[in-house]
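Please look at the structure below slowly, with the sequence beside you.

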Amino acid sequence: MAKVSIIHNRSKALEEACAVLASGELVALPTETVYGLAGDATNGEAVARIFETKGRPRFNPLICHMAGIDMAQRHVVFNELARKLAETFWPGPLTLVLSKRMDSSVHPLASAGLETLAVRTPAGFANELIDRFGKPLAAPSANRSGKVSPSRADHVEADLGDRVGLILDAGPATVGVESTIVKVDGDEISLLRPGGLEADSIESVAERSLIRPAWGEAAIEAPGMLRSHYAPVARLRMNASSIEPGEVLIGFGGGSVEGVEHASRVFNLSPYADMVEAAANLFDTILQADRVGAGMIAVAPIPETGLGEAINDRLRRASAPRNT
Ligand code: TXA
Ligand code: MG
């Protein structure tokens, strides 16, 4: 069961939360928008645990929470417009989707393998925690997939109390709805999700109108769109029990695959069939397998349980037929 800890002594709470995060475990914490389920964004297994805990059937990208612009600019590229928005509205309920820096230490699972990264600087306790921890925190809303976002610690306890070790309680979230998500692309700003910061305020600071994609938040989750981002150059086939000469094998667990001696390269998502480890290794392994330059990547069967559902979803997208 979760330990629900009301924040009386801030420095003690910060210390306790930092210790949990440093061990790769998760903390449910207050932000001004909603309560978040936070993990070390640079630790792939911590990020995998976020998806596992929420029971998300897919690896959609997570918002990475930063202590401020200084920390954020180590992970994303700010142009003048993005900087102006961040300087005006941070800390606060504005998330910016910007180009991820090649040298960012944020784990690829947190950005779902995309070249962009969603960043925001929250206010209050979360801000102090990130500053003290010294690394960005990946944090979706602290609810099970498909449930509403929690604005109070007892909502988190009711929904995730049996799945998360520490819930920090700082009373009701002041904003109560999620952050507004804006993508900045050169001179253009697009509203990906309306939220706690009014679009009008953003437009008046940016001195331009927000582009509003007709499908709103669905844009990023539309399978077609993700598919194009996700597709490796090589073709990919799933549930491979045997290997043709020259194929790259992505294995899972210790099972044997017929013809493996003829593979051009062999990877393993998790030799001991640990789903958290497999999820953490997934994006990087696909990338590395693709770099081998083989025509086909064969992936061993992965059970459809727990995180396996999201792993297989990702693999299905990569293996979907496409026009080239
Ligand atoms: O207020 C909030 O934003 C809360 C608190 C905890 O900070 N967090 C939150 O996270 O609502 P989450 O994971 O529930 O929603 C994140 C949204 C998702 O819809 C995701 O698709 C979008 O952000 N997103 C993340 N990275 C993106 C990217 N690179 N491009 C486009 N959309 C992105
Ligand atoms: Mg959510």
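This is a predicted model: local features need pLDDT of at least 70, side-chain atom pairs count only at pLDDT 80 or more; totals for chains, interfaces and linings use all residues.

Residues are numbered from 1 along each chain as its sequence is written, chains are lettered from A and ligands numbered from 1 in the order in which they are written, and side-chain values use heavy atoms, with hydrogens and water left out.

Begin with helix α7, residues 199-206, whose buried residues are A199, I202, E203, V205 and A206. Here helices (H or I, at least four residues) and strands (E, at least two) are DSSP runs, numbered from the N terminus, and buried means under 20% relative accessible area, exposed over 50%, and partly exposed in between, with a 1.4 Å probe and protein chains only. Seen down the axis of α7, these buried residues fall within an arc of 165°, so they line one face of the helix; the arc is that of the directions from the helix axis to the C-beta atoms. The face turned away from this buried side carries the exposed residues D200 and S204. Just after α7, E207 takes a positive phi of about 55°.

Turn now to the cysteines, where a disulfide is a pair of cysteine sulfur atoms within 2.5 Å, and by this rule the count comes to zero. The sulfur of C18 is 17 Å from the closest cysteine sulfur, in C64, which is too far for a bond. C18 counts as buried at 13% relative accessibility, and C64 counts as buried at 0%.
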